[in-house]
Amino acid sequence: MKIEELQIILKDAKAVIFDVDGTILDSMPIWQECDDIFLRSKGKDPDPNLHDILFPMTLEEGMTYLKTTYELQESTDEIARAIQEIVADAYRYEIPAKEGMVELIHFLHDQGTRLLIATSNERKPVQDAMRRLGLDACFADMLFCTEVGAGKGTPLIFQRAAEVLKTDYPDIYLVEDGLYSMKTAKELGMKIIGIYDQACIQDQPEIRQLADYYVAG
């Protein structure tokens, strides 16, 4: 289905929880490209497979790899801060919403549906992006895994969300691109709207089976 069709499905919905990265925001590319952007700013030519090389590494291992492989003058801490700033600027100024998401959120807010964000991202970049897109006032609250103290593979953030929304699980929809998060919410009894994102392409067959509704890319 298309994102526009969700307005029909969610007409009169009591409460909807939105993920951010890969769901509201088309933000996954910046996480795949930020290291390349940094290296090019230093006059270096990044390996075409750099993201795959860094993916299994810890942050410290990755920064050490960049410093050593590309003979950078900066310390590993300075490299990490510079890359983090590239990402932060992207949220603040550039990352677009996925097609139709801004309109859907405004539609739900205008009809009185209680909306909430539940994300693994940090507070500031999410708030910056929502403010820029004019969506910050649409949400009753924003919950962050780093502040709740547990990831979406456990039910805690969704339990907190239900408390904030003052809504029973069967009356809550989760709009999400991540399979592990969908599984957690489904076990609680929530309805699942799966959103296609290229970063989760390997999970699409299982997402299609699990989701109550599926928005294709």
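1. At 12% relative accessibility, Cys200 counts as buried (buried means under 20% relative accessible area with a 1.4 Å probe, protein chains only). The model is predicted, so local features need pLDDT of at least 70 and side-chain atom pairs pLDDT 80 or more, while totals for chains, interfaces and linings use all residues. Residues are numbered from 1 along each chain as its sequence is written, and side-chain values use heavy atoms, without hydrogens or water.

2. The sulfur of Cys200 lies 14 Å from the closest cysteine sulfur, that of Cys145, which is too far for a bond. The whole structure has zero disulfides (pairs of cysteine sulfur atoms within 2.5 Å). Cys138 is also buried, with a relative accessible area of 6%.

3. Helix 7 covers residues 123–132, and its buried residues are Pro125, Val126, Asp128, Ala129 and Met130. Helices are DSSP runs of H or I with at least four residues, strands are runs of E with at least two, and both are numbered from the N terminus. These buried residues pack against helix 5, strand 2 (114–119) and strand 3 (141–144) (contact means heavy atoms within 4.5 Å). Gly134, which follows helix 7, has a positive phi near 75°.

4. The largest pocket has a volume of about 1,200 Å³. A pocket is an open set of points on a 1 Å grid over the protein atoms alone, where a 1.4 Å probe fits, with protein on both sides within 12 Å along at least five of seven lines; lining residues have an atom within 4 Å of a point. Helix 5 supplies the largest share of the lining, six residues.

Note on methods
Grid points are joined across faces, edges and corners, and a volume is the space filled by probe spheres set on the points. Buried means under 20% relative accessible area, exposed over 50%, partly exposed in between (1.4 Å probe, protein chains only).
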